[in-house]
Amino acid sequence: MKYKQINKQNIWAEKLSKKLFENSPCLFLDRDGVLIDWTDYTMKPKDAKLINGSDKVIKECNKKKIPVILITNQGGIGLGLQSWDSFAKIQTKIINELSNKNAKIDGVIACPHHPLALGKYKHKNHPCRKPNGGMFSVAKKLFKIDLKKSWMVGDKINDLKAANAKGLKQGFLVLTGYGKEEKEKINFLPKKFLKIKILSSLKKLKVNF
Ligand SMILES: [Mg+2]
């Protein structure tokens, strides 16, 4: 199936909200291991489950008119282990589950490129694949938000490196998903790096940051 959300660079760039959020700060979330439980590349849509309590912070952002945007590497698509169809189904499931809890995400950016992929998705170092920050630039273009006032929540150091590359205000490493293993790597980051806080899960994020 063809998706109108997929841009010329083969990046999924989707606006779920009509608002522009001009010059607004934004809460960026990695998807797998932060918002939903993540098994592996072969995950089926039915296996996608919200991590307990992750709707809470999204709801708070909705109330404060802070946009919430997912920024997710989906190299499994490039590798042929996932399809855009299953990605879209997982997204629908997440959006419906959040909507049942009165929480709403405003946008989704996903990068299918991978160094080991085949065909059009094979890129040694695609600017949109985290740890590169290209997906933040895609979001900025779509929503006119201010990256320098924004936050990123990830379960991998690469999520935070991507945020650092674009000069975001702060990063949060959650200990869900790969977070526990990734935590050690914080010690090896350069001194002049984005401010990072460790949280046990997304639920613990306070919206006044
Ligand atoms: Mg992740």
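**Entry 1: a strand pair**

I began with Leu-27 and found that this residue stands opposite Trp-151 in strand 5. A reminder to myself before going further: this is a predicted model. Next I looked up how the strands around that spot run. Strand 2 and strand 5 (residues 151-154) are paired in the parallel sense, and three bridges join them.

I then turned to what packs here. Helix 5 (residues 157-165) packs on the sheet and touches strand 5, strand 6 (170-174) and strand 7. The direction of helix 5 makes about 165° with that of strand 5.

In what order do the seven strands of the open sheet lie? I traced it as 1-4-3-2-5-6-7, with mixed pairing. The edges are strand 1 (12-15) and strand 7 (195-199), each of which pairs on one side only. From one strand to the next, the twist averages 20°.

**Entry 2: helix 3**

I moved on to helix 3 and checked its length. Its 17 residues (84-100) should span 24 Å at 1.5 Å a residue, and the end C-alpha atoms are 24 Å apart, which agrees.

Which residues of helix 3 are buried? My list reads Phe-87, Ile-90, Gln-91, Ile-94 and Leu-98. Looking down the helix axis, I saw these buried residues fall within an arc of 100°, so they line one face of helix 3.

I looked for what covers them, and the cover includes helix 1 (54-64), helix 2 (75-78) and strand 4 (107-111). On the face turned away from the buried side, I noted the exposed residues Asp-85, Thr-92, Asn-96, Ser-99 and Asn-100. After helix 3 comes Asn-102, and its phi is positive, near 60°.

**Entry 3: Tyr-41**

My last stop was a loop residue. Where does Tyr-41 lie? I found Tyr-41 in the loop between strand 2 (27-29) and helix 1.

Leaving aside residues up to four places away in sequence, Tyr-41 touches Gly-76, Leu-79, Leu-81 and Gln-82. Tyr-41 and Asn-96 are 55 residues apart in sequence, and from C-alpha to C-alpha they are 22 Å apart in space.

Conventions. Residues are numbered from 1 along each chain as its sequence is written. This is a predicted model: local features need pLDDT of at least 70, side-chain atom pairs count only at pLDDT 80 or more; totals for chains, interfaces and linings use all residues. Helices (H or I, at least four residues) and strands (E, at least two) are DSSP runs, numbered from the N terminus. The expected span of a helix is 1.5 Å times one less than its number of residues. A residue is buried if 20 or more other C-beta atoms lie within 10 Å of its own, exposed if 12 or fewer, and partly exposed in between; C-beta atoms are placed from the backbone. The arc is that of the directions from the helix axis to the C-beta atoms. Two residues are in contact if their C-beta atoms, placed from the backbone, lie within 7 Å. Two strands pair if DSSP finds at least two bridges between them. Axes are lines fitted to C-alpha atoms, for helices over the stretch in contact, and angles run from 0 to 180 degrees between N-to-C directions.
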